[in-house]
Amino acid sequence: MATAEYDDVRIDDVQELEREIASQRDANVPIEMETRDISVWFAKRKVLEGVSIAFPKQSVTALIGPSGCGKSTFIRTLNRLHELIPGAALAGEVLYEGSDIYAPEVDPVHIRLKIGMVFQKPNPFPSMTIRGNVLSGLKLSGMKRSNHDDIVEQTLTSAGLWNEVKDRLNAAAGDLSGGQQQRLVIARALAVNPHVLLMDEPCSALDPGSTLKIEETIRELSKEITIIIVTHNMQQAVRVADNTAFFLATDGNPGHVVEQGPTTEIFGNPRDQRTLDYVNGRFG
Ligand SMILES: Nc1ncnc2c1ncn2[C@@H]1O[C@H](COP(=O)(O)OP(=O)(O)OP(=O)(O)O)[C@@H](O)[C@H]1O
Ligand SMILES: [Mg+2]
């Protein structure tokens, strides 16, 4: 292949150097979780193929793509909720702190404590108190952490809810608004000290004000933990995510990652035309 030459500097060499610098930069960022070549089936139907994504520690990664492309399916593989679905199968590896979470000796309950999850629809125990909800994960898991008052205050503060509920911790969780309930379940997830928080469209049922509060919470939390969030809201991905992965499933083929990288690249300078079209709202 012909290469342009300017004095003694060849474009090839410059590109090689850039690649080397990029790989060194990557090597310096510790990876919290990583998937390698994940494929998923429901019964005989393959719905995901060859998904490999690295999630750096204390970063936010957004998973985007049209409905049905496998985002929820993928995020459920990351804390072994996938295996609870009848007929679900999986190939590939999910590494957490370098070890495969599906290895035979690994306890899925332990994994789900380290890798927490928040769902689309807030799911507190409605008749239980606010305080009781925050501590419920701890109790259910049999985890011993002393000083419950501190845990309640710290986690509700981290979830951005403390000021709104500190005077009514013994009120029923069902009395809170949808946005407050979603922040309450984030606090509940934090009480067991997870290292990773998975969020599947956590704001899709919320008004813009509550959505912004949750986004602030996500940015704050990512100073301590690693966050992976599914969203249909492109502005949200831009606002909260360091990295973005774009999933697509076309013509009955399994979903796969078309493109991934820093959010600024995916939205500002994507390499694939389909990414450009999707992030500009031309389909999906
Ligand atoms: N429990 C299940 N049993 C069988 N098929 C399923 C199951 N859950 C999901 N699927 C199929 O897997 C594919 C991916 O679904 P998934 O819910 O992961 O998509 P998604 O990207 O999260 O979509 P949305 O944006 O609408 O939430 C779809 O074709 C769906 O029909
Ligand atoms: Mg989904």
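Start by selecting strand S5 (residues 60–64) and strand S11: four bridges join them, and they run parallel. Two strands count as paired if DSSP finds at least two bridges between them. The model on your screen is predicted, so local features need pLDDT of at least 70 and side-chain atom pairs count only at pLDDT 80 or more, while totals for chains, interfaces and linings use all residues. Residues are numbered from 1 along each chain as its sequence is written, and chains are lettered from A and ligands numbered from 1 in the order in which they are written. Helices (H or I, at least four residues) and strands (E, at least two) are DSSP runs, numbered from the N terminus.

**Stop 1: strand S11**

Now pick Ile64; its bridge partner in S11 is Phe246. On to S12 (residues 256–262): six bridges join S11 to this strand, and the two run antiparallel. Click Phe247 to find its bridge partner in S12, Val257.

How many of the six residues of S11 (residues 243–248) are buried? Six of the six are, so the strand is largely enclosed by the rest of the structure. Here buried means that 20 or more other C-beta atoms, placed from the backbone, lie within 10 Å of a residue's own; exposed means 12 or fewer, and partly exposed is in between.

Show the side chains next. In a regular strand they alternate between the two faces of the sheet. In S11, Asn243, Ala245 and Phe247 point one way, while Thr244, Phe246 and Leu248 point the other way.

**Stop 2: helices H4 and H5**

Select H4 (residues 130–141) and H5 (residues 148–158). Their axes (lines fitted to C-alpha atoms over the stretch in contact, with angles from 0 to 180 degrees between N-to-C directions) come within 10 Å and cross at roughly 95 degrees. The helices are therefore roughly perpendicular to each other, a label for angles of 65 to 115 degrees.

Next, highlight Arg131, Val134 and Leu135 of H4 with His148, Ile151, Val152, Thr155 and Leu156 of H5, which make the contact. Residues are in contact if their C-beta atoms, placed from the backbone, lie within 7 Å.

**Stop 3: two loop residues**

Find Asn147 in the loop between H4 and H5. Asn147 is exposed, with 9 other C-beta atoms within 10 Å, and its phi is near 60 degrees. Most residues other than glycine have a negative phi.

Finish at Glu97, in the loop between strand S6 (88–96) and strand S7 (99–100). Its phi is near 50 degrees, a positive value. Glu97 counts as partly exposed, with 14 C-beta neighbours inside 10 Å.

Conventions. Parallel < 35°, antiparallel > 145°, perpendicular 65-115°, else oblique. Contact = placed C-beta atoms within 7 Å.
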